[in-house]
There are 2 protein chains.
Amino acid sequence: MQFALGIDLGGTSTKLALIDAAGHIVARSSFSTSDRTDEHDFFRFLFEGIDGLLAGQDVQLVGIGAGAPSVNEQQGTIENAANLPFSPKVEFVKTVQERYGLPVHLVKDSNASSLGEWHFGAAKGMTNFLLLTLGTGLGCGIVANGRLLGGEFGHGGEAGHICVQPGGRACGCGRFGCLETYVSATGLKRTVFELMSNSLIASPLRSESYDGMTARHIFEAAQSGDELALLAFGKTGEILGRAVADMAAWFEPEAVVMSGGLAMAGDLLFVPTVDSMERHALAFHKGKIKVLPSTLGENDAALLGAAALVWKQ
Amino acid sequence: MQFALGIDLGGTSTKLALIDAAGHIVARSSFSTSDRTDEHDFFRFLFEGIDGLLAGQDVQLVGIGAGAPSVNEQQGTIENAANLPFSPKVEFVKTVQERYGLPVHLVKDSNASSLGEWHFGAAKGMTNFLLLTLGTGLGCGIVANGRLLGGEFGHGGEAGHICVQPGGRACGCGRFGCLETYVSATGLKRTVFELMSNSLIASPLRSESYDGMTARHIFEAAQSGDELALLAFGKTGEILGRAVADMAAWFEPEAVVMSGGLAMAGDLLFVPTVDSMERHALAFHKGKIKVLPSTLGENDAALLGAAALVWKQ
């Protein structure tokens, strides 16, 4: 039977899966990326992982697709990846192609997730949508006019670094007020600390350190009705909703799909986001733009999108 | 000889031109739009104008293209146009087609200008660019992946209504802090009045009323070295440059082309805009995004874009 191999190369771990043309994952494995010493070590584990998946199966491999950070899509390389133990320029496509003699496709991780949702998930059949991945930061992939929006140099769709508050929170990118400093797992925590600073609202969250607190703590506090945690989700949704209204002004998507750990908070995030989006939207966008949860989950979206690169080309 | 007829339908006047395939305007005329009583009166003047242009020439008309406000591009209609003396729904394409028996194309005015700059002007040959028209408001047309970005319902690219200052200036759209409340002829004036309010800087502009002041007054004051006027241009460029950095984060265009009355201020606006864009740009966009003046001028861009609809289809 025919399969594509999907690779989701992340800073912590690399996930592999055999996927059929309908988007079913029939086998999967993973290994630690952060424990690798360099790209040679990485490719050794990658090839072992692939060979392992192929070994036990009656498999005809059609091609290999991968999503990764810091990708140069035109060159098929991974360049200057801050969170990978790699040399400045790694020939990913060439190296994998030489080993397997098959078509190999490589896209940015955020684009892989968008392709996954587009072909197999919440955005199936859409011509215009955005996928926001709300994790430690905020990733984004955009489909406009039925095509991935790549930009002139392959760095388009950097929604995490749109300025939503001039002179606002310091961002890891060196600037201030970027969307991901408010809307991400880290942004939610920063909002909790801002609220602890500005308000007198009692909360068990006040007994945790900044370094010790996670989005999960805040989620659990909110679920048990903690006022401070609920306010933090409300403020996060307020800013995200305003940003989604701006996304509508720019792209007028059919939907904005939300994925990643923070999006798992469900109504806690979606309700204030949609409320804020509707208040901030232009008149002709009110009631028109859908805000949808990912139907694939963060991990599988990237794997399925990587496979879609094989099946849809 | 073969010509296209371009129409630039504006709230004040409607401009017509005969244009050859190289983008040369060989004849033009215009009539008042605001003096028309209804669409029937408008079409009477339009047909007279077209017939007049055709009469004296050895012309083979290939097709008719038009740019107008409030266009439904899919339907070929003009709908609920606030600034036109029209019924709620005007069958523009059908009516003109019936009269001349030729292909008729109709797009939004901002898209017509983008097409003009794309085929004949500052953005010639580009795959990714934005055109900003800085007049009373801020209009925008976007080409991404080599195609006009239309959005799901034909209202994409509303750059004038991106929020650049949460809770900022009231906008005609009913919201607050929209880009065009800062970056437009009106926005520049509002900035002058903010500076007169907040500072003690002496200026001849202080002797003019809000209703009496125009962007031209401020431009002339700035040219003669007036500190307040220069500060107003500087602040306008600061906000525009930050917005252009965000446009780069979203679209990563090769260039942002600026047209319209305010863009005629030249260095007074472009220098602080580029300075601010470079400070606010993401690291991989610094030094990469061009900010260019229109080479066609506001009026001819729309006319030439309307003609491009004929020549490029």
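## Close-up views of a predicted two-chain model

**View 1. Strand 2 of chain A and its two partners.** Strand 2 of chain A runs antiparallel to strand 3 (residues 25-32) of chain A, and seven bridges join the two. To find your place in this pairing, look for K15(A), whose bridge partner in strand 3 of chain A is S30(A). The hairpin between strand 2 and strand 3 of chain A has five residues between the strands, and G23(A) takes a positive phi near 90° there. Please keep in mind, here and in every view below, that this is a predicted model.

Now turn to strand 1 (residues 2-9) of chain A, which is joined to strand 2 of chain A by six bridges, again in the antiparallel sense. Here G6(A) stands opposite A17(A) of strand 2. Three residues lie between strand 1 and strand 2 of chain A in their hairpin. Strand 2 (residues 13-19) of chain A is mostly covered, with six of its seven residues buried.

**View 2. A three-stranded open sheet in chain A.** In chain A, three strands in the order 5-6-7 make up an open sheet with antiparallel pairing. Its edge strands are strand 5 (71-72) and strand 7 (89-90) of chain A, each of which pairs on one side only. Strand 5 of chain A meets strand 6 (residues 77-79) of chain A over two bridges, in the antiparallel sense.

**View 3. Strand 10 of chain B, an enclosed strand.** How many residues of strand 10 (residues 138-144) of chain B are buried? Seven of the seven are, so this strand is largely enclosed by the rest of the structure. In a regular strand the side chains alternate between the two faces of the sheet. In strand 10 of chain B, L138(B), C140(B), I142(B) and A144(B) point one way, while G139(B), G141(B) and V143(B) point the other way, and all are buried.

**View 4. The neighbours of strand 10 in chain B.** Strand 9 (residues 129-134) of chain B pairs with strand 10 of chain B over six bridges, in the antiparallel sense. L134(B) has L138(B) of strand 10 as its bridge partner, and a hairpin of three residues connects strand 9 of chain B to strand 10 of chain B. Strand 11 (residues 147-148) of chain B also runs antiparallel to strand 10 of chain B, and two bridges join them. In this pairing, A144(B) has R147(B) of strand 11 as its bridge partner. Two residues lie between strand 10 and strand 11 of chain B in their hairpin, and N145(B) in the turn has a positive phi of about 55°.

**View 5. A closer look at G141(B).** This glycine, G141(B), sits in strand 10 of chain B. Is G141(B) buried or exposed? G141(B) counts as buried because it has 32 C-beta neighbours inside 10 Å, and the cut-off for that class is 20 or more. Leaving aside neighbours within four places in sequence, G141(B) is in contact with S110(B), N111(B), S113(B), S114(B), L131(B), L148(B) and G157(B). G141(B) and N111(B) are 30 residues apart in sequence, yet their C-alpha atoms are 5.0 Å apart in space.

**View 6. V256(A) and the largest nonpolar core.** The largest nonpolar core holds 200 residues, and those with the most contacts inside it are I218(A), V244(A), V256(A), I218(B), V244(B) and V256(B). Not counting residues up to four places away in sequence, V256(A) touches F129(A), L130(A), L132(A), V244(A), M247(A), I289(A) and V291(A). In soluble globular proteins, nonpolar side chains tend to be buried together.

**View 7. Where chain A meets chain B.** The contact takes 32 residues from chain A and 33 residues from chain B. Helix 6 (residues 227-251) of chain A gives the most to the side of chain A that touches chain B, with five residues. By class, that side of chain A has 13 nonpolar, 10 polar and nine charged residues. Of the interface residues of chain A, 100% are also interface residues in chain B, so the copies meet through the same surface.

Definitions and conventions. Residues numbered from 1 in each chain as written. Chains lettered and ligands numbered in written order. Predicted model: local features only at pLDDT ≥ 70, side-chain atom pairs only at ≥ 80, totals over all residues. Buried ≥ 20, exposed ≤ 12 C-beta atoms within 10 Å, placed from the backbone. Helix = DSSP H or I, 4+ residues; strand = E, 2+ residues; numbered from the N terminus. Pairing = 2+ DSSP bridges. Contact = placed C-beta atoms within 7 Å. Nonpolar A, V, L, I, M, F, W, Y, C, P; charged D, E, K, R; others polar. Core = buried A, V, L, I, M, F, W, Y, C linked by C-beta atoms within 7 Å.
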